[in-house]
Every structure is written in C-alpha cells, then in structure tokens.
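Dear colleague,

Please find the structure below.

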Amino acid sequence: MKEKISKVKKKVGSGIKKSYELPLWKWLLLCLGLSVGLVVILEMLGRRSLLNPFVFIIYNPLIFIYNISIIFFTFTIALLFKRRGFVMGFVGFLWLTVGVINFVVLGFRITPFSAIDFLMFSDVLSMFSIYFNLFQRILIFASILIFVILLVIAFLKIPKLKQKVNYVQGIIVVTISFAFVYVFTVFMVETATVSTKFTNLGTAYKDYGFAYCFANSVIDQGIGEPDDYNFGAIDTIVEETEEVKNIHAKNVYKNNKKKYPDIIVIQLESFIDIGRVDGVNTDKESIPNFKAYEEEFPSGFLTVPAIGAGTANTEFEIVTGMKSKSFGAGEYPYKTILTTTPCESMAQILKREGYGTHAIHNNKAKFYSRDITYANLGFQTFTSLEYIKHFNRTETGWAKDSCLPDEIIAALDYDEEPDFVFTISVQGHGRYPKDELKTEEHVKVTLDSEDPELTNQFGYFVNQCYEMDEMIADLKKRLDERGEDYVLLLYGDHIPSLTFEDDQFNSGEQTQTEYVIVTNMDLDLEDRDLYAYEMSDYLLRAVGVSPGVFQNIHKRYYNFEDPENNTTYDDKLLLMQYDMLYGEKYIYNYIPEYKGEEMKLGLYDITIDSASFNPTNGSFTVKGTNFTEFSTVLIDDKRYDTLCIDENTLVVTKEELGEEPEKGAAICVAQIDKDKHELSRSHSLCY
C-alpha cells in the first residue's frame, strides 16, 4: 500500500514538474482545459443535474465561453508565484468549494450561494442545529479540518519552480487575460447577454452561469455612482416632487390636535395562501382569518425581491421605500451600508410626527445585524427573542408567533403617543422536515404527486401558516378591544423554500405574496397589487402622514398606466438612494438629516432587587424583574449557567457556582444570546 502511495506521489510530483517545463502556450492550453472542465462541474452542481448543464451550453455558447474566461483568468495568476502548482490547485479548489457549498445551500433554500453569505456566517452557525443533524454537523467540521490539513500538506509537498519566476511574462499574461475578461464583460452587458443587476438571483445563476454570477456578487457591492449624479439632479427631484408632498388623507383632529392611528406592520415568515399552488390539497382552508380579512379590507398581491429566502430585503423595501435590486447581486443592505449609515424609513418619518417607534422579532437580535440596523432606521426600542418572557417553539426549533400579540400590545401601551410597531415573525421558517410531519395536524395536506417527503414538508409548512393565522385573529381581537384607532398591515415576506414548478401557481407569481390592511378606520383604500417598495407610500398617505423623500418619488414619477415604461422613475429613485446612502447627501440641504437612535433592547429594564446564597443546597438566587430564559447571572463579570425560574427569579446551582461569592462581589444580569453574545446588562448589585 505504501509503495502504491509513493508511486502516485512521484507521478503527481513528476507531472507538476513537467508542467513547469511546458512552453507558455501549452501551459495556457492546460489552464484552458481545466477551466472548461471546472465550468461544467460548477454548472452540474448549481443545477443539481448531470444533463442540464449541457442544455445550457448548447443554447448559450457565448455565456459558456464567458464563464470559462473568468476562471481562466484566475488560473493565470499562478504565473506570478514560484509555487505555481500549489496556486493553481488552490484556485481550482476554491472554485470547486464554492460550487459544492452552492449545491448544499440549494438543498435547503431556493436562493443560490453568493458572496453576501460570507457576511451571514455567524447567522448560519446559529441555525446549524436546525438545518443539519448531529452526524451532518460532525461531517461538515471534519471536512473543513481535512481541507485545512490537505492544504498544509499540499503547500509543503507540491514542488516549486527551480528557475526564477518570469514576472514580466506573468504580468503580461495576467494583464491580457484580465483585459480580455473586462472587454468581454462590457460586450456581454452592453448587448444584454448578461445583466449586472439580478432581479431574481436563482434565475440569474441559471441564465448567466455560476462563475459569472458568483464573481459578480463578490465585486458588485453597494450602489455605484450614477453618471448624472450631482447637486442639480437632487435639486430637480426635490423641486419636481414638491407638488405631491401634500397629497394624503386629511388628519382626524381631537382636542385641536392631530389624532394619528397606531400603525402595526407584521411581516409573516414564508406566509402564503397554499390554495394558490396547484397539486397541493387541504381538507379545509389553511388561513381562514387572513382570507376573510382579504374580503373585508384592502388587499392584493405584493411583489417581493426574493424567492424562498431573503427576508431582510423584503423588510428593507417595506420600511424604506427603496429598491434592494439597486444594490449588489444578492446583497443585504442590512448587513452592509445600514450598519453604519442612518437613512429615511417609515420609523424615521413617523418619529418626526410624534410616534413611538418599536421593532419586534421572535428570533435573535443579531440576525441580519438588526441590533445595529434598526437603530439606524430610527427605531427607539427593539424586542428580540432574548427579551420575550413567554414563548413556545416549533418542533424544528423556531419560536412560535403566538407570543407576538403580547409583545405588540405591550409596545402600544408603552407610552401615550401613537405607536409604529414593526414586527417580523419567524414561525414559518424552514427547514421543513421530510421524514415525518413533526407538527400538530390542524390541516390535512395531500399532494397530487403523492411524494411522501414533499407531503411531510408541505404538511408542516401549511400547519405553521394555520397557527400564524390564529395569531393574526388573536391580535385583531385584542386591538379591537383596546378601542384605539389602528391600522394593521399583514403580508408574507416570500414564498417558502419548497420545491415549486414554474407553472404551479394558479394565481400570482412566485415573486408575489399576499397583503391585507386591517383597520377599524375608513382609509378609503382600494384593492391593489403593489411592489414591496411602494407599500410605505401607499400606507403613510392613507393614514394622513406627510410622506418622505422616497414616497414622494414613488408618487411623482411612477407610471401606473404603463408600468413597463418606468425609466425616469428608476433613475430618480437610484439617484436618491445613492445620495442618501453613499453620496454627498445633498438631500439634507432640504430636510433635517436622519440620525441613528440610541435604541433600547427590550421595552422594559431588567433589574436586580436582591441576591442571596442558600447554604443548605449551595445555590445562588437573584431576584428582580423582566428576566427571560436568556438572562445570565454574572459575578465579577464571570458568566454562570443560569436557570430562569420565572420572570422574577434566576438560580445558579451549586454545581455551577462552586462556592459562595465573596462579599463585595459585583452581581449583575446580562442578556446572552445562543451564540454567547452579550446584548445588554442590568445595573450591578454589591453582594
């Protein structure tokens, strides 16, 4: 066995050395051959098919060649290194790795792997236990370890060039290769053979190939400066939108003061009417309350910027009135520009009208960097799962939405001013179990295909929607009982990450969910289909609030009579998005600048009243207020595993504590998320 391994090593080493001795043109042919093979493999992985890549190649030969040129360019970089064989292997292995990751990702969601997913790494780790079983997690980490070991071995064992690196030759080849890709890219974009902006990431990967789309997602971030961007362009927008600033409903007055309604927005995770999907059958209506509200209140289809994933981009468009597709391919502004830059949003606009602004999400605070982004969007408080006292979980580990009405009512009662409460649900989130139903069966689901795994997945999903629908009814009942004017916007963020055929939807499209505006007021709204970025304009004008910059752009420039002809609208919207987020911020010459909030996590302070040691059982008890299962006792800044007995009592056991704290020790309680991040802490108590 050792002899065979030794022979293989010698042959590989000899082959690499011989490749170093090849004339340049033969070496480039070798790179070209490897590039062709790699593109084919990447397409097989991305399309999860052995045959579909060849259909793609036959019908799109120019795009196929373009993808080859991109990978070929990355291989030529090896000419600049003495360890040419190692660099070539490393580059090829990197491409293969992201291809395999894409293959795995597509097994769990509809959206393919892109560069922005690297920024989501911490969020992905927090969901590992939901998406992968113990064996799969061990296998993944073992694979990473093996990869690192092999990388080190390859670096040490793969032979180097004996002669000096010909840097002049290498630079010339790399430069020509890069110039070729650049000119090729310009040609492909100008002829509309490929696009730099992806309306649908999944469709783009299939149309333009993995290498181009992934490379574009690495390079294309943020919003590039428009050619016509200057102060005059922004001044023109402000002047031309002046005529629509005051087109909104008249305010209701009470005691000579404006009387605004409470505004509650709930983004429902993966929530759709399954009756829209052919081949999926239920023994009764799966969302009866939502359907009844659609009959009674203004409603329609909502076109969202994502399919099967991308919650934060639907949320971004609803809250800000901006288009997410103006950013880089697959980019989440929540993870990039909005972590550092405040901007206009419904929360910012309503705060200036005297509203209290609150965000609620029954998932972790750091998911999509909401703990930072929400402050820049103008929210004064953010209640995440770590601050919710009572909740149940689904069988797959997500918090159920039944906890949300309590939190929403608490936010509305937090102060006497009208409130804007923006709520993100999570119960309908995948992964949907294949092996069994794993949920209480309120609705019996069958499939025409009779596929048992898909039947379990759809059955689980539909029954989560049924429970989410019950939550909606509970909230409406409680809002009606409060007796205050309210407007409740309900909508789904995207279709679920399940397998759908292109023509399976009997109404609407895969990019559309449903919305309804439930209210106890007469808003004089009609049923209308909307894009997510239009909703803020539609809603704010209806309740009598003076809209913001982006809402006025929607009102002034959008061509409702011919929606396909909206070039002017798109240009004006892009100019303003660039100016406010990346540019010189000329708009703030006309309006007060938007600032980030010193946002409070949780509505109410977590406090400590007392701390005591029980000599009988050796436990340590902390009494206080607003504790949750994420509350952790800290003694002199050291964390101790903590049992939450109730919202007023925390206990550290003898086994965890060891011995009684010393007198004078600083005792406090911190909210620690499941990834061990500290979100906030109480005042300290001297023991």
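**Salt bridges**

E242 is partly exposed, with a relative accessible area of 46%; buried means under 20% relative accessible area, exposed over 50% and partly exposed in between (1.4 Å probe, protein chains only). The model is a predicted one, in which local features need pLDDT of at least 70 and side-chain atom pairs count only at pLDDT 80 or more, while totals for chains, interfaces and linings use all residues. Residues are numbered from 1 along each chain as its sequence is written, and side-chain values use heavy atoms, with hydrogens and water left out.

The side chain of E242 meets that of K245 in a salt bridge (3.8 Å, N to O), a term that requires a side-chain nitrogen of Lys or Arg within 4 Å of a carboxyl oxygen of Asp or Glu. K245 is likewise partly exposed, at 34% relative accessibility. The structure holds 28 salt bridges.

E243 forms a salt bridge with R556, with the closest N and O atoms 3.8 Å apart. Because E243 lies in the loop between α13 (231-241) and β1 (252-254) and R556 in helix α21 (residues 549-557), this pair ties together parts that are 313 residues apart in sequence. Helices (H or I, at least four residues) and strands (E, at least two) are DSSP runs, numbered from the N terminus. E243 is exposed at 58% relative accessibility, whereas R556 is partly exposed at 29%.

R393 and E629 also meet through their side chains in a salt bridge (3.7 Å, N to O). R393 lies in the loop between β7 (381-383) and α18 (404-412) and E629 in the loop between β15 and β16 (631-635), so this pair ties together parts that are 236 residues apart in sequence.

**Sheet and hairpin**

Nine strands form an open sheet of mixed pairing, in the order β12-β5-β11-β10-β3-β8-β6-β7-β13; two strands pair if DSSP finds at least two bridges between them. Its edge strands, β12 (530-531) and β13 (600-601), each pair on one side only. Strand β5 (residues 299-303) runs antiparallel to strand β11 (residues 512-519), joined by five bridges, and S299 has V516 as its bridge partner in β11.

Strands β14 (residues 607-614) and β15 (residues 619-625) pair in the antiparallel sense over seven bridges. They form a hairpin with four residues between them, and G618 in the turn has a positive phi of about 75°. F613 stands opposite F620 in β15.

**A covered helix**

All eight residues of helix α20 (residues 535-542) are buried. Just after α20, G544 takes a positive phi of about 90°.

Yours sincerely
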